[in-house]
Amino acid sequence: MKLSSFAILAAVTAPSCSAFAPQTPGGAFIITHPTTSSFSVDQNSKSDNNKHDYYYYNSGGFFSFSLRMAAYESIEEIEMDAEERMSKSVSSVDTTLATIRTGRANASMLDRVQVIYYGASTALNQMAAISVPNSQQLQIQPYDKTALVDIEKAIIESDLGLTPNNDGDVIRINIPSLTEDRRKEMLKQCKALGEDGKVAIRNVRRDCVDSVKKMEKASTVSEDQSKDGLDAMQKLTDQYIKEIESNVAKKEKEVMTV
């Protein structure tokens, strides 16, 4: 199958990503996102299932996406793929929502913190034990105490607005109560994440609807099968958008609870 038949299937955590097809045979996809400069993905290699998963992290957060050869054999396969991708979009929104501060300490708040450790960017939660001694404090016990300064620096440079206290053995972070203005900012973040997640789900629906219509046009499936497939896409879309709205509303309630 030609390289031009590749298509972005999901920008899971950052649905604002855009993909531009290669301009020359054997070229690379160019991926762009508002929070980072563009980067390329080489598609000369193939996996057994013609699917490739990519992960990227920058100051705007972590996001992942998949590239896959666009070749479906049945409506059922399209439905299964759509459900998988929509579910991943919901999970990604939930993961990012968990990092948004509320007035209480939560280890998930540090999930996006990346530490430069021996020259490599490493997730904080992979190099330290993070505990919650009380509702207003986090405690970080690094597996390697020589990393304390690097961890402290990473937390200070993050966009979390937290002040770490390094006693040479562990790092403690006191979680201040949110001001009214800060809570409003957090609410805006929640809403924006929810909207991004819904855009990602609608993009999945659009891609899969196009695939169904192409199969009908090619007489691979009947008109009735096509209609059933389109109805299924809409039901999945409604289901997962409703789930995102529910999860965002729950997080907004947490943020506003004093």
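User: How much of the 258-residue protein chain counts as buried, and what makes a residue buried here?
Analyst: In this predicted model, 41% of the 258 residues count as buried. The label goes to residues under 20% relative accessible area.

User: Why is cysteine 190 called buried?
Analyst: Cysteine 190 has 0% relative accessibility, and the cut-off is under 20%, so cysteine 190 counts as buried.

User: And what makes cysteine 208 buried or exposed?
Analyst: Its relative accessible area is 0%. Exposed would need over 50% and buried needs under 20%, so Cys208 is buried.

User: How do you know how many disulfides there are?
Analyst: A search of the whole structure finds zero.

User: What makes up the largest nonpolar core?
Analyst: It has 28 residues, and those with the most contacts inside it are Ile78, Leu97, Ile100 and Ile201. Helices H1 (75-97), H3 (180-217) and H4 (223-256) each give two or more residues to this core, with H3 supplying the largest share, 10 residues.

User: What does isoleucine 78 touch, leaving aside neighbours within four places in sequence?
Analyst: Isoleucine 78 is in contact with Tyr72, Cys208, Ser211, Val212, Met215 and Met233. Contact means heavy atoms within 4.5 Å, so each of those partners meets that limit.

User: Which residues does the second, separate core include?
Analyst: That core has 20 residues, including Met109, Ala128, Leu148 and Ile151.

Note on methods: Residues are numbered from 1 along each chain as its sequence is written. This is a predicted model: local features need pLDDT of at least 70, side-chain atom pairs count only at pLDDT 80 or more; totals for chains, interfaces and linings use all residues. Side-chain values use heavy atoms; hydrogens and water are left out. A nonpolar core is a set of buried Ala, Val, Leu, Ile, Met, Phe, Trp, Tyr and Cys residues joined through side-chain atoms within 4.5 Å. Buried means under 20% relative accessible area, exposed over 50%, partly exposed in between (1.4 Å probe, protein chains only). Helices (H or I, at least four residues) and strands (E, at least two) are DSSP runs, numbered from the N terminus. A disulfide is a pair of cysteine sulfur atoms within 2.5 Å.
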